Amino acid sequence: MNTNKDNNDIIFLTNLTERIMHPFYNKQIVFTGALSTMTRAEAAKKARACGGLMQGAVTKDTAFVIPGHNRRGKSTKHLKAEQLIQLGYDIQIIAEDDFIWLISMQKEYIPSSLQ
């Protein structure tokens with residue numbers, strides 16, 4: 001797999017007319033805290049393989065926040081996501097186990113002619 005200078009993986013589909021259908025497809029994802037089963041870089045790589053877009057900070061455009069372990073309680077990213085949720089933004093805070101389940105889901109490729 002090719003990588004760019006920022007060490008972000010570049011995912012190439014064999015047919016550019018295909019679209020990935022996955023809950024993470026084209027969604028902004030933020031990781032916070034230390035994950036117990038993999039590094040955040042590994043988690044980001046797996047999320048990108050499902051069509052996810054990585055973000056460094058929580059914004060109103062964030063779709064998913066995956067909090068890892070934080071010894072001091074909730075991280076500022078987690079708190080920001082909760083604040084935006086209370087304001088009506090559609091942000092999902094999902095546990096690491098749920099993230100692992102989601103990345104294990106079969107990705108469906110839908111030809112653009114059927115979209």
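## Close-up views of a predicted model

**View 1. The buried face of helix α1.** Within α1, the residues Ala43, Ala44, Ala47 and Arg48 are buried. Seen down the axis of α1, these buried residues fall within an arc of 135°, so they line one face of the helix. The elements against which the buried residues of α1 pack are β2, β3 (53-54) and α3. After α1 comes Gly51, which has a positive phi, near 95°. As in every view that follows, the structure shown is a predicted model.

View 2. In the order β3-β2-β4-β5, 4 strands form an open sheet, and the pairing is parallel. The edge strands are β3 and β5 (92-93), each of which pairs on one side only. Between β2 and β4 the parallel pairing runs over 5 bridges, and Gln28 has Thr62, in β4, as its bridge partner. Helix α1 packs on the sheet, where it touches β2 and β3, and the direction of α1 makes about 165° with that of β2.

**View 3. The largest nonpolar core and a second, separate one.** In soluble globular proteins, nonpolar side chains tend to be buried together. Here the largest nonpolar core has 16 residues, and those with the most contacts inside it are Phe24, Ile29, Phe31, Phe64, Ile66, Ile94 and Phe99. At least two residues of this core are supplied by each of β2 (28-32), α1 (40-49), β4 (62-67) and α3 (96-104).

**View 4. The surroundings of Ile29.** When residues up to four places away in sequence are not counted, Ile29 touches Phe24, Ala47, Gly52, Leu53, Met54, Gln55, Phe64 and Ile66.

**View 5. The salt bridge between Glu82 and Lys74.** A search of the whole structure finds 1 salt bridge. Glu82 forms this bridge with Lys74, and the closest N and O atoms are 2.6 Å apart. Glu82 counts as partly exposed, at 25% relative accessibility, and Lys74 is likewise partly exposed, with a relative accessible area of 45%.

**View 6. Asn26 in the loop between β1 and β2.** Most residues other than glycine have a negative phi. Asn26, although not a glycine, has a positive phi of about 60°. Asn26 lies in the loop that joins β1 (18-21) and β2, and the residue is exposed, with a relative accessible area of 52%.

How values were computed. Residues numbered from 1 in each chain as written. Predicted model: local features only at pLDDT ≥ 70, side-chain atom pairs only at ≥ 80, totals over all residues. Heavy atoms only, no water. Core = buried A, V, L, I, M, F, W, Y, C linked by side-chain atoms within 4.5 Å. Buried < 20%, exposed > 50% of the residue type's maximum accessible area, 1.4 Å probe, protein only. Contact = heavy atoms within 4.5 Å. Salt bridge = Lys/Arg side-chain N within 4 Å of Asp/Glu carboxyl O. Arc of directions from axis to C-beta. Pairing = 2+ DSSP bridges. Axes fitted to C-alpha atoms, helices over the stretch in contact; angles between N-to-C directions.
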